[in-house]
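Trainee: I am new to this structure. Please take a close look at one part of it, the salt bridges, and walk me through them.

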Amino acid sequence: MVAEHLRLGSWDLVKGYTGCIDTDIEPRIAMQITNESAICKNRVRRKNYISHQGFELLNGLGFLASDEEVHRFLDKHTVSDAQSLQKSLSIIRSNNGHYKGETIAIDPHRIITTSKRVMPNKKKQPKEPSKKMLQTYFALDTGTGQPIGCGIGTPGVNTTKATIDLLNMVNMINNKKALILADKEHFTKNLIRDIKHKDQFELLVPVLSTARIKKIERSLSYKRQWAGYAIAETLFNFIGSKEQYRLIVQQEGEMESQYKYKSFLTLSDKPAVTLLSERYGERWSIEEFFNFDGAMGFDRASTFNLNIRYGKMTLALLSQAATYQLRQKLPKPYNRWNAIHLSDAIFSKIDGDIRVKNDTIIITCYNVPKELNLQKYYENLPEKLEAEGIDSRVPWLYNFKVDFRFK
């Protein structure tokens, strides 16, 4: 991961987040949190996970930062600091080709939390018992399955405000009018009006099934597309508003007694059948992301302290970006390993030793499966990085270079 963090510019990002310089400790604590995410651990502490195996050296430290140190570190850096890091990271990822920018999925993702704060219990799934939940919001490029940014819902930040903030970040890296694929929770008058007036994106959002909507659905004339599937369109306005929007309704079933309806509001002029049968299915790529990379820090929340939560999730995004770059170098089917499998097979279970020769830390890895072809990308690493125009010195390792040998 050291090589991928150099390629990504992670050190400059964490220095910007912490407001520190190369010789300070704080950016190295940030690197520890980032690398903990890569191995899918909520924390790596001497007493419960890793002892005397060199994890602390990876971060340029002679010790593992304790829970208390990490808590104090994250608590002193604000939500604004984390948002700034996310924006910078999204621009770098866009420049590195991590996004296609044609279709963006946005999703309100609930994370179970063990916070001691008094808060209402909610259900993650309808059949599950109610639990304390942290409401988060994610934006993801459906073409590559890569996250652009995330936010957190609070009493002061509702769905509309959180989504507008996310879309402002998306707009920074998007030079075309992307189609936003939303969730039912985004069906709000203020959010849809904001997107329409800014005219930066197209939008496709499911409509809440109210009595008014059900009446509209039953009153329309439908055009059959194929067996058991038909589509109708009409204009729609919110109660108390004169602004009209395009409402698309799909009807499923061959007999009237079996008809099922689902309605969508859109700000796109694309054909209705294209939007519903082709494009909206891409929204589920964001669920694949949570299943694939959720263990990196997007499936748990031990506290509701906003500074800490934003910091942890943002550094997890940094780790996920570096891991994505590594996956691009792996052959099939290894490049489709989920985060836990990748951690177990590559980050945690490969035997090796470390020695220093002149200005280079040499890591010898033993019994690495040849089909992974890691030697192609990481043997003679300093020369490879210099050929890419990247300084091969590792600043958080006090400007030592890193090289790998595979035996």
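Mentor: Asp183 and Arg283 form a salt bridge, with their closest N and O atoms 3.3 Å apart. The term means a side-chain nitrogen of Lys or Arg within 4 Å of a carboxyl oxygen of Asp or Glu. This pair links distant parts of the chain, 100 residues apart. Asp183 sits in the loop between β5 and α8. Arg283 sits in the loop between α10 (272–279) and α11 (285–293). Helices (H or I, at least four residues) and strands (E, at least two) are DSSP runs, numbered from the N terminus. Both Asp183 and Arg283 are buried. Buried means under 20% relative accessible area, exposed over 50%, and partly exposed in between, with a 1.4 Å probe and protein chains only.

Keep the source in mind. This is a predicted model, where local features need pLDDT of at least 70, side-chain atom pairs count only at pLDDT 80 or more, and totals for chains, interfaces and linings use all residues. Residues are numbered from 1 along each chain as its sequence is written, and side-chain values use heavy atoms, with hydrogens and water left out.

Now look at Glu185. Its side chain meets that of Arg110 in a salt bridge, 3.8 Å from N to O. Glu185 is partly exposed, with a relative accessible area of 27%. Arg110 is partly exposed as well, at 23%.

Next comes a pair within one helix. The side chains of Glu4 and Arg7 meet in a salt bridge, 3.0 Å from N to O. Both belong to helix α1 (residues 2–8). They are three residues apart there, so about one helical turn separates them. Glu4 is buried, and Arg7 is buried too. Salt bridges that share partners join Glu4, Arg7, Lys329 and Glu388 into one network.

How many salt bridges does the rule give? The count comes to 21.

To recap, take the pairs by setting. Asp183 and Arg283 are a buried pair that links distant parts of the chain. Glu4 and Arg7 share helix α1, and both are buried.
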